[in-house]
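Here is a friendly briefing on one protein model. Have a look at the chain below, and then we will walk through it together.

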Amino acid sequence: MYPSDPLQAPLWTVIASLTHARRILEVGCGHGYTTALMASAAGPKCHVDTIEGDQRHAALAEQAFQQRDLSKQITVLRGRGLSILPRLKGRYDVVFLDGDWREYPRYIPHLRRLTHPGSVVVTANLNPLFGGWGSRLPGKPAIQSYLTRLVRDPHFRTYVVPGEWHSISVRV
């Protein structure tokens with residue numbers, strides 16, 4: 001687990017403001033740092049659903065949310081993204097993918113179903129595709145497939161953030 005860079009925290013305030021976020025979905029919460037940032041940035045009228053496959057991480061995240069008085073605003077859904085996503089209902093204003101990038105290509109139909117025009121999808125962990133330290137990580141073909149399909153998908157407009165190796169997509 002690699003926590004998000006604290007310098008990225010303002011990104012969530014900008015995205016929450018742009019989308020008027022009332023529902024946020026995160027896949028891969030780790031210890032909940034970014035989840036808490038998103039919930040705080042979006043304000044008390046926003047609810048965050050976060051999916052976490054590691055039971056220890058989920059428990060630590062829930063504990064952190066309680067300590068920060070965010071438990072009512074955040075729901076931890078325990079399980080892998082591919083098992084939870086098909087069961088979700090409704091639409092999200094913001095989706096943040098920060099989990100197992102090898103599953104990302106199979107998320108695309110769910111991203112279409114769970115977003116609406118104007119929703120923003122932020123995808124982390126594109127590092128294996130672009131070299132540097134990430135080139136040693138597994139999953140390069142999956143990330144390449146995901147990003148290629150996402151860029152070509154007529155439902156999304158996508159920008160890859162150089163250096164950070166995130167993508168930001170807007171649902172059209």
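This is a predicted model: local features need pLDDT of at least 70, side-chain atom pairs count only at pLDDT 80 or more; totals for chains, interfaces and linings use all residues.

Residues are numbered from 1 along each chain as its sequence is written, and side-chain values use heavy atoms, leaving out hydrogens and water.

**Helix H7**
- Helices (H or I, at least four residues) and strands (E, at least two) are DSSP runs, numbered from the N terminus.
- The buried residues of H7 are Ala142, Ile143, Tyr146, Leu147 and Leu150.
- An α-helix has 3.6 residues a turn, so residues three or four places apart point the same way.
- H7 covers residues 140-152, and at 1.5 Å a residue its 13 residues should span 18 Å, which agrees with end C-alpha atoms 18 Å apart. The expected span is 1.5 Å times one less than the number of residues.

**The sheet**
- Seven strands make an open sheet with mixed pairing, in the order E3-E2-E1-E4-E5-E7-E6; two strands pair if DSSP finds at least two bridges between them.
- Strands E3 (74-78) and E6 (156-161) are at the edges with a single partner strand each, so one side of each has no neighbour in the sheet.
- From one strand to the next, the twist averages 15°. Axes are lines fitted to C-alpha atoms, for helices over the stretch in contact, and angles run from 0 to 180 degrees between N-to-C directions.
- E1 (residues 23-27) and E4 (residues 92-97) run parallel, joined by four bridges, and leucine 25 stands opposite valine 95 in E4.

**Helices on the sheet**
- Helix H2 (residues 33-42) packs on the sheet and touches E1, E2 (47-52), E3 and E4, where contact means heavy atoms within 4.5 Å.
- The direction of H2 makes about 170° with that of E1.
- Helix H3 (residues 55-67) lies across E2 and E3, at about 170° to E3.

**Two loop residues**
- Aspartate 69, in the loop between H3 and E3, has a positive phi near 60° and counts as exposed at 71% relative accessibility.
- Asparagine 125, in the loop between E5 (115-123) and H6 (127-130), has a positive phi near 70° but counts as buried at 18%.

Terms used: Buried means under 20% relative accessible area, exposed over 50%, partly exposed in between (1.4 Å probe, protein chains only).
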